Amino acid sequence: MNVFGKRKKAPGVLDVIKSRRSVRKYRSGQVPEDLLETVLDAARYAPSAGNRQPWEFVVVRDGNIKKMLVEACFNQDWMLQAPVFIVACINMKIASATYGERGVRLYCIQSVAAAIQNMLLAAESLGLSTCWVGAFSEDRVSMILECPPYVRPCAIITLGYGKEKPEMPVRAPLKDIVHREKFGVPWRDG
Ligand SMILES: Cc1cc2nc3c(=O)[nH]c(=O)nc-3n(C[C@H](O)[C@H](O)[C@H](O)COP(=O)(O)O)c2cc1C
């Protein structure tokens, strides 16, 4: 039997993209190790500039370390409910090795963001909930996790079984964000 039960069909990728929400209330249950690994493994399949894979992940379940991280996240106390934090980091040695300035300023961030989104979607497909947390003191998080100087923490993902399914926050319609052929030409009239 899979995580979706005997008869229930696994949701398609578009269903998962649309149903994922940032969840800030969690149940107390732990995340089974195999599901956690499935989520982490999804990160490896993300695209990255030159396939350099400039990512590293620190999995935190220790209560004391989580408390220190929450302080570093400007006291976003709700995070403590989540049994797992995944700290996504950029390996700046890899980021700077091939593409110089552009690799450091742009490609590595895009690549790690793609890996993070893979994990959020994998978690959603497994019935788990997440929130991408970007507001934190990078120096504090580095210190707490004892990251070497070339490793830059860029996001903390809370992971667990959600206790809420928030409404989708408003999304801009396609006509406001898509241009036809050239910038400023509306995608759709009216
Ligand atoms: C780069 C980034 C940083 C974020 N930082 C935080 C954060 O520090 N705290 C938080 O509660 N949510 C954070 N979020 C989650 C957003 O608030 C959320 O994605 C947005 O409101 C849309 O809601 P949805 O994820 O449910 O679609 C962050 C999301 C991204 C992509």
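## Report on a predicted protein–ligand model

The protein chain has a mean pLDDT of 95, with 95% of its residues at 70 or more, where pLDDT is the predictor's confidence in each residue, from 0 to 100. Because this is a predicted model, local features need pLDDT of at least 70 and side-chain atom pairs count only at pLDDT 80 or more, while totals for chains, interfaces and linings use all residues. Residues are numbered from 1 along each chain as its sequence is written, and side-chain values use heavy atoms, with hydrogens and water left out.

The protein chain holds 6 helices and 4 strands, which are DSSP runs numbered from the N terminus (helices: H or I, at least four residues; strands: E, at least two). Along the sequence they follow the pattern α-α-β-α-β-α-β-α-β-α. Confidence is lowest in helix α6 (residues 174–177), with a mean of 94, and highest in strand β3 (residues 129–133), at 99.

**The sheet and its helices**

The 4 strands of an open sheet are arranged in the order β1-β2-β4-β3 with antiparallel pairing, and two strands pair if DSSP finds at least two bridges between them. Since β1 (55–60) and β3 stand at the edges with a single partner strand each, one side of each is left without a neighbour in the sheet. From one strand to the next, the twist averages 25°.

Strand β2 (residues 84–91) is joined to the antiparallel strand β4 (residues 151–160) by 8 bridges, and Ile 86 has Ile 157 as its bridge partner in β4. Helix α3 (residues 63–72) packs on the sheet, touching β1 and β2, and its direction makes about 65° with that of β2. Helix α5 (residues 138–145) also packs on the sheet, touching β1, β2 and β4, and its direction makes about 80° with that of β4. Contact here means heavy atoms within 4.5 Å, and the angles run from 0 to 180 degrees between N-to-C directions, with axes fitted to C-alpha atoms, for helices over the stretch in contact.

**The ligand**

Among the 13 residues around the ligand, Arg 21, Ser 22, Arg 24, Gln 76 and Arg 171 come nearest, a residue being near if one of its heavy atoms lies within 4 Å. The table gives polar contacts, that is, pairs of N or O atoms within 3.5 Å.

| Side chain | Distance to a ligand oxygen atom |
|---|---|
| Ser 22 | 2.6 Å |
| Arg 24 | 2.7 Å |
| Arg 171 | 2.7 Å |

Terms used: Polar contact = N/O pair within 3.5 Å; in protein donor to acceptor, adjacent residues only side chain to side chain.
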